[in-house]
Amino acid sequence: MGREQAPVRAPAGTHDVLWPESWRWEQLVAEFARRAALGGFGLLLNPMFEDAALFRRGIGGDSDVVRKEMYEFTDRGGRDVALRPEGTASVVRAFVQHHPPVPWRTWYVTPAFRYERPQAGRYKQHHQLGVEVLGTDDPDVDVEVVALASGLYRWLGLTRVELSVNSMGCARCRPAYTEALRAYLEARRHELCDEHRERYAVNPLRVLDCKRPQCRAVVAGAPRITDYLDEACAVHLARVRAGLDALGIAHALDPRLVRGLDYYTRTTFEFAAQALRSAQNAVGGGGRYDGLVEAVGGPPTPGIGFGIGIERLLLACDAEGVFPAAPPPPAAFVVDVTDGTAARDLCAELQGAGLAASRAYDGRSMGAQLKQADRSGARYALIVGPDELARQVVTARPMLGSGSQEEVPRRAVVQWLRDRAQQAADAPHAPDGEEDGR
Ligand code: HAM
């Protein structure tokens, strides 16, 4: 006999999502899909890895995401590829490759890989829900996109998510701002953190995003991009803000908001969950990227979108005590103390009729089966013993709340369970978590 091997564990910064926690993921993705469809967005599926050059050109070779965090490797054929660190660049690559009619509205749910030091709310593999709209720079689309994210937070029951909005200007007006910022940082370079003392000149905007206290202190007095916007960018921002006001979406203008990816132009936005105390409280963010399609080799095409981090969003729900993992109870657990045939056939019949049902296996005792029925959370244990079999009935024992057990004719079980499920759904305050209210 060989020695036992140490069990293999998931890599640090990754995680398995088991039932019933995964039930929340199902509900969240389904609701997002429903809302996206109402807005005319179609699902896009694309590869988890791409030519690494896509991300360097799209996100910016100087961003932290590309420089420090990308899972980049040479495959067996000698190609330089990278696991996607985010969804937008791949959507844009697909747009350039397939040239669909514009405006092109897509949504996605995707894992994203970033080599970061794992901590609460920051993982090496996280998951995003996102949308992108390509082919229009109408500011009303910016409003629609922000409203889609905002509506999802509201649906979840979150009340402490704050929205910040900014404009990154455009290729015409941003250079003057970047110059002013560079000159300001140059004068105070000795006060910056070690990294930015060396690198501020390469991309001064990155300093605005630095979380280290030294940089934050310097940034507090830095020039504001909103003072440098040209007329068209200023009008765009004003129309976006007016649209948010009109839809009742509270927001604050934050002229220091720059996001971690270099493709943004004009509108940028971020949603921060105030209930999360850590620095990792951004539960979603996005913005416009009117130069990205060209950067990856397509025709000039404006675009906008957002990504919502699912893990962080669920942490925010936990922190606010909303959207619990409370899957509805299965209709039945069949306890068969004959030879399992009744359980086999009854489960198939119930599932075929759209009623969730499970059973035990391996000829376990009545007590063991009832224990399993209890653990399954089922509304009823449907017991079949030799006596029930002979009389063609089942004994239905309520497993949740009160109520006494009764005999139900075998051929009437489906209807009987349906009636009970209906009664539970109609009850004003269902005792067993059936009440939903969304
Ligand atoms: P992002 O801000 O880098 O934007 O990521 C979007 C969201 O993903 C964040 O707000 C956060 O909730 C979550 N997230 C990011 N990194 C991690 C991590 N390491 N661990 C856990 N959650 C994380 C983008 O990725 C853009 N593609 C969004 C976008 C779409 N902009 C335009 N269109």
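**Stop one: T136**

Select T136 and look for its touching partners: leaving out residues up to four places away in sequence, they are P103, V141, R288 and P302, where contact means heavy atoms within 4.5 Å. Keep in mind that this is a predicted model, in which local features need pLDDT of at least 70 and side-chain atom pairs count only at pLDDT 80 or more, while totals for chains, interfaces and linings use all residues. Residues are numbered from 1 along each chain as its sequence is written, and side-chain values use heavy atoms, with hydrogens and water left out.

T136 sits in the loop between β6 and α5 (139-156); helices (H or I, at least four residues) and strands (E, at least two) are DSSP runs numbered from the N terminus. Is T136 buried or exposed? Its relative accessible area is 18%, so it counts as buried (under 20%; exposed is over 50%, partly exposed in between, with a 1.4 Å probe and protein chains only). Now show D138: the T136 side chain reaches its backbone nitrogen at 3.0 Å.

**Stop two: the ligand**

Next, select the ligand and show E132, which has a side-chain N or O atom 2.8 Å from a ligand nitrogen. For F306, display the backbone: one of its polar atoms is 3.3 Å from a ligand nitrogen.

Finally, colour the strands. β6 (125-134), β10 (282-288) and β11 (303-309) are the elements giving two or more residues to the shell around the ligand, and β10 gives the most, with six.

Conventions. Polar contact = N/O pair within 3.5 Å; in protein donor to acceptor, adjacent residues only side chain to side chain.
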